[in-house]
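Biologist: I would like to go through this structure one element at a time. Please show it first.

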Amino acid sequence: MTPAAHTSGHRRDAELRAAARHLGRRRFLTVTGAAAALAFATNLPGMAHAAEMDAARIAEDPFTLGVASGDPLPGNVLLWTRLAPQPYAPDGGLPAERVTVQWELAHDERFRRIARRGSVTAHPEFAHSVHVEVDHLGEDRVYFYRFRTGSWISPVGRTRTAPGRGDHSSELTLAAVSCQAYHDGYYTAYKHLAGDDVDVVFHLGDYLYEYAVNAVGGARNYTDRTLPAHYNRETVTLEDYRMRYGLYKSDPDLKAAHAAHPFVVTWDDHEVENNYASGIPENDVPPEQFLLRRAAAYRAYWENQPLRRRQAPEGADAQLYRRLHWGRLAQFDILDTRQYRSDQAYGDGAHIPGPESDDPARTLTGATQERWLLDGWHSSRALWNVVPQQVTFAQRRLDLNAQAKVSMDAWDGYRASRDRILAGAAAIGIENLMVLTGDVHVGYAFDIKQDFDDPASRTVGTEIVATSISSGKDGADKPANWDTYMRANPHMKFYNGRRGYAVVTLGLEQARADFKTVSAITSPGAPIATAASFVTEVGDPGLKPV
C-alpha cells in the first residue's frame, strides 16, 4: 500500500468511528439508529432539497453501467439502470441533482409495439439509480426494454414475466452464477451466458469483492488502461462501495449478461466483508463501526441491483430473502445465510465438529427466516422446490480422517440448523428438493442424504454448486484435493475447479444440470465447454450422469 493510500485508509476509518460515536451503542443497534448513522456518515442531502437537472446538460453517455431486469413475477418485472457518465468517479459524473428518466417496454426488439412506458426520477441520494416495477403485463411473456434521458438512449435489454401461479408450465431453464472477483480475471463466462437460451439467472453471492484492485486490474493485467488509484484499497464507506460497483458493472461481458436475461440476486459475504456473521466482523473492530460499514454496503448493493423497493435496506438491515414462483413447476425460496447467522464456531476455518458447532441454538438462517422457509414449503404446490442460497449445504469432509474437518462457515458448521431444515422438508413431504449454491469457487454435484455418514441412507434431494465466474483465477479440472474430496464424500458426484456456471433445466419428469466451464479467464476469449451433465428424476432424487 502506498503512503497516500495508507493515510486515506486511516482517514476513512476515523470518519466511521466519528459517525458511530454520535450514537450510543444500544440505539445504533436498532434499524432507526443505523439509518441515522448512515445519513450522518454520508452527509446526504434530503430528497426534497435536490434540484432538478436539465437532462439536456448531460454531455456524456450516462448508461455506462448498462441495464438490468430482475425478479420476474406473473405480469410484472423490475427494470434497473443507474446513470453514470463517469462510472469510476465518486458521483458517477453527475451533480447532486434529480434527473428524469423515461423508460419503455415493448413486445419487439425494435419497439414498434409498446406495451408500457413511463418516467421515473433518478435521485442523487441513491446514486442516480432507478428501479421501475412494471405491472399489468402478460404472463409468461418476453419483453424488451430501454431507458432514455436527455439525448441519450440506453442499450436494449431483454426480459420476461413468470407464468401465472396456476399455470402448468412444462419447462424452465435457469443459470446459476456466483463469485466474480474483478481482480482475478475476465468475465468470459458471462460473455457465453449472454448468448445462452435461459429464462432466468440466479446470482448466489459475491457479486462484488471488497479487496483492492490495482492499476492494471489484477490478473487482467491491462495494458490499454490504468484504473484510478482509489480502487487500490479495501471498500469501507458508501462512496467506496458505489465506486467499486462502477468498476464491476462497467465490464462489457457482465453488462451483456444482464441485458440478455433477468437476474435474481442474493448476497454472500464479500459484498460487505469476508466471512462476516450477522453484526460480527471478520476483524476486531467495534460493532458500531462494522454495522455502519454494513449499512453502506447494503445500500450500495440495492442501488446497483435489479431489486424491488421491498428489498431496500433500512440502515444496516435489509430483507433479501424472498419467494418466487414459476407456475406449478417450481417454487424458489431465495435465502440470506449471512445477515442472521450465529458466529462461526471455533474461530471459523476448518475444524472437526464439536459441542460448539453443534449447539442446537446455533442458526445459519435466523429463526424467522427458518420458519418462513418451512411455512413456504407447507403451502407449496410446486413440483420442484428450489433453494438458491450461498454456502455448501451438503456435508463436505475435507480429509480422510475418521473425524474429518469441515468448513465452519458452511452448513457443516451449523449442523443443527441443517437438520431442522431437512426434518421439516421430510415432515412436510417435500419430494423434489434442489439446493443451488455458490461461494466455494468450484463446481460440485451432491446427493443430499438423510444421514451423510451412511452412504446407504435415503437420498432426499440434490445440490448443484455453481463454480465462480472469476474468483480463483483459471483453476483446474482436478484441483490438488480432488481425489481426497471424492473419496471422503461418496455423495459428491462431481467436482471441477474451472471457472464457469451451471445451467439447470427443470421439467415435468426430471431436472438436468449442465456444468459449463472455460479453460482460462486470466486472458480473454476462452471457449465454453460442458464439463459434465446429470439428471435427477421426479420422485426419485439422486444425480445420475448423462
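**Strands, sheet and helices**

Modeller: This is a predicted model. In the hairpin of β1 and β2, with 2 residues between the strands, G75 takes a positive phi near 70°.

Biologist: How do β1 and β2 run, and which residue of β2 is the bridge partner of V67?

Modeller: Strands of a sheet pair through backbone hydrogen bonds, either parallel or antiparallel. Here 5 bridges join β1 to β2 (residues 76-82), and the two run antiparallel. Within β2, V67 has as its bridge partner T81.

Biologist: Which strands stand at the edges of the open sheet of 7 strands?

Modeller: The order of this sheet is β12-β13-β15-β17-β19-β18-β20, with mixed pairing. A strand at the edge has a single partner strand, so one side of it is left without a neighbour in the sheet. The edge strands are β12 (322-326) and β20 (492-496).

Biologist: What distance apart are the end C-alpha atoms of α9, and what span should its residues give?

Modeller: Helix α9 has 14 residues, 415-428. At 1.5 Å a residue they should span 20 Å, which agrees with the distance between the end C-alpha atoms, 20 Å.

Methods: Residues numbered from 1 in each chain as written. Predicted model: local features only at pLDDT ≥ 70, side-chain atom pairs only at ≥ 80, totals over all residues. Heavy atoms only, no water. Helix = DSSP H or I, 4+ residues; strand = E, 2+ residues; numbered from the N terminus. Expected span 1.5 Å × (residues − 1). Pairing = 2+ DSSP bridges.
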